[in-house]
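This briefing sets out selected structural features, grouped by topic. Please read it alongside the sequence and the structure shown below.

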Amino acid sequence: MCHVQPRDDFPSRAFRDMARDMTDSADLPVLRLKPKANARAIRRGAPWVFDNELVMDRRSKKIPAGSIARLEDAERAPLGLVAVNPASRIVARMLERDAEAAIDADWLRARLAHALALRTRLYDAPFYRLVHAEADGLPGVIIDRFGDLAVVQPNAAWAETLLAPLTAMLAEVTGVTTILKNASGRGRMLEGLDAEDAVLLGTAPDAPVPVEMNGATYMADVTGGQKTGLFYDQRENQAFAARLARGARVLDVFSHVGGFALAALAGGAAEALAVDGSAPALVLARDGAARMHATDRFDTRQGDAFDVLEALGADRASFDLVICDPPAFAPAKPALEKGLRAYERVARLATPLVAPGGALVLCSCSHAVDLSAFTGACLRGIGRAGRRAQLLHSGGAGPDHPLLPQLAESGYLKALFFRL
C-alpha cells in the first residue's frame, strides 16, 4: 500500500444529494443485451455483463465510467440497474434488480446494514470482512473492519464515483471513526482507476493495529501492509490447523504476518517457524508472538519460499505440521497452467518435510484454479515426493467472505488438509 494522503472532502449532505440525484432522474442511460445474450442467467442472479453481450453503439460507448444505467434484454424488458464502465470487459455490474429503485445514500445504507447484520451475528468483536463485493450486493467493493477503523477497496468505477456517500454511510452504519482507501487492488487497474490511497475519514494510525483472532494476536499494518493489512479469509482454516498443532513442530510458509503459525502457537504448538519473503511482515509476526508471550516458541526465516523449502529439505528438517499458503499463482485463466505447476512444486518440496503421520496444509487463492484442478496439482506433487495422503478436510473462506453462487470467482480460496 502506498503512502496515504489525507482528504478534506469528507462527505456532507451535499454528497448524499449527489448520490440521490444520480438515479432519481428518468433520464438514466439504457444498455441493451444482444439477442443471443443469456438474459435468463442475469435474471437468475449472474452479476456481470460483458462487452460482447451488449449492444455497444455510439451512445453506449459514451456513458461515463461509474454511471448508473438501466439494463434491458433484447426485447426491451427491464432487468435492473447496473453500474457501467465501457472501458472494462465487464461493462455492466448488477446493482439492483428493481429497475425503478434509486442508487442513493439510503440504498447504500441498507446494503451496508445488511452486511453488518451478518457479521455481528457471526463475531463477538468487530474484526472481519464487512463487505465482500458482489456477494454482499456491492460489486467490486471490499471493506475490512478493524474495530473503529475500516479499510475500503473501491475496485469498480461506480464505487469510486460514489466513494463520498459510501464513506458517509459506512461511518453512519458502523460507527467507525477512521476510514482508509486502499487502491492496491488489481481490479482497479482493469477498471482504469488510480492507485492513490487516501484517508477518507479521521486520522490514519501511526502503528499497526492489533487483531485478536483464534486466540492469537496479529499486527495489521493497515497503511503500509499487503492488501488491507490482514487476511481474514483464512480464519476458519487457521482454527482447524490449530487443532492439529497441539504439541507439534510447525512450519508456516508464505506466512505473511504470522497467519497459521501464530494460530498454531495459540493452539498449543511446541514450536513454529514462519517463512516469508517480506522482512516487515515477519517483524509484525514477531510482534504478534511477543504479545502472546510465545517468543520462546517462535522463529522466523526470511527468503524466497521455494529456496527455503529446498534448503530445509537438504537439511532433512522435519515438522509435524507444514502449511503453505502462497499468493495467487494463477490470478487469471492465461496463467492457469503455469500456476498449477507452481502449486505442484510447492507440494513436492513441502511433502518431504512432513514427519510420518504429520499433516500438510496446501492453500490456493487463485480465482482461475478450481478445487478439482488444485487438488490434482497437490496430489501430483505429493506423489512425486513418494508419499501417500489422506484428505482430512477441505476448507474455504470464512463466512464473512460469503460466496455468490452465480459467480464462481467469489469462491476463490481453497485449503486442503492432508495427513501423510
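Predicted model: local features only at pLDDT ≥ 70, side-chain atom pairs only at ≥ 80, totals over all residues.

- The buried residues of α12 are Gly 339, Leu 340, Ala 342, Tyr 343, Glu 344, Val 346, Ala 347, Leu 349 and Ala 350.
- An α-helix has 3.6 residues a turn, so residues three or four places apart point the same way.
- The cover over the buried residues of α12 includes α11 (305-314), β17 (319-324), β18 (354-364) and α13.
- Across the whole structure, a search finds 10 aromatic pairs. In one of them, the ring centres of Tyr 343 and Phe 374 are 5.2 Å apart and the planes stand at 85°, so the pair is edge-to-face.
- This pair links distant parts of the chain, with Tyr 343 in helix α12 (residues 336-350) and Phe 374 in helix α13 (residues 371-384), 31 residues apart.
- Both Tyr 343 and Phe 374 are buried.
- Ring pairs join Tyr 343 and Phe 374 with Phe 254, Phe 306 and Phe 329 in a cluster.
- Elsewhere, Arg 235 lies over the face of Tyr 123, at 4.1 Å from the ring centre.

**The seven-strand sheet**

- Seven strands make up an open sheet in the order β16-β15-β14-β17-β18-β20-β19, and their pairing is mixed.
- The edges are held by β16 (298-302) and β19 (390-395), each with a single partner strand, so one side of each has no neighbour in the sheet.
- From one strand to the next, the twist of this sheet averages 15°.
- Within the sheet, β14 pairs with strand β15 (residues 271-276) in the parallel sense over five bridges, and Val 253 stands opposite Val 275 in β15.
- Helix α10 (residues 279-291) lies across β15 and β16, and its direction is at about 180° to β16.

**The five-strand sheet**

- An open sheet of five strands has the order β2-β4-β5-β6-β3, again with mixed pairing.
- At its edges stand β2 (30-32) and β3 (48-50), and each has a single partner strand, so one side of each is left without a neighbour in the sheet.
- The twist here averages 40° from one strand to the next.
- Strand β4 (residues 67-72) and strand β5 (residues 78-84) are antiparallel partners over six bridges, with Arg 70 opposite Leu 81 in β5.

- Six of the six residues of strand β8 (residues 141-146) are buried, so the strand is largely enclosed by the rest of the structure.
- In a regular strand the side chains alternate between the two faces of the sheet.
- Strand β7 (residues 127-132) pairs with β8 in the antiparallel sense over five bridges, and His 132 stands opposite Ile 142 in β8.
- Strand β9 (residues 149-154) also runs antiparallel to β8, joined to it by six bridges, and Phe 146 stands opposite Leu 149 in β9.
- Two residues lie between the strands of the β8 and β9 hairpin, where Gly 147 takes a positive phi near 65°.

**Helix α6**

- Helix α6 (residues 163-174) has 12 residues and reaches 16 Å from its first C-alpha to its last, close to the 16 Å expected at 1.5 Å a residue.
- This helix is mostly covered, with 10 of its 12 residues buried; among them are Leu 163, Pro 165, Met 169 and Thr 174.
- Just after α6, Gly 175 has a positive phi of about 80°.

**Positive phi outside glycine**

- Arg 76, a residue other than glycine, has a positive phi near 70°.
- Arg 76 is placed in the loop between β4 and β5, and at 55% relative accessibility Arg 76 counts as exposed.
- His 256, also a residue other than glycine, has a positive phi near 55°.
- His 256 is in the loop between β14 (249-253) and α9 (259-266), and at 12% relative accessibility His 256 counts as buried.

Technical notes:
Residues numbered from 1 in each chain as written. Heavy atoms only, no water. Phe/Tyr/Trp six-rings, centres within 6.5 Å; stacked < 30°, edge-to-face > 60°. Helix = DSSP H or I, 4+ residues; strand = E, 2+ residues; numbered from the N terminus. Buried < 20%, exposed > 50% of the residue type's maximum accessible area, 1.4 Å probe, protein only. Lys NZ or Arg CZ within 6 Å of the ring centre and 35° of its normal. Pairing = 2+ DSSP bridges. Axes fitted to C-alpha atoms, helices over the stretch in contact; angles between N-to-C directions. Contact = heavy atoms within 4.5 Å. Expected span 1.5 Å × (residues − 1).
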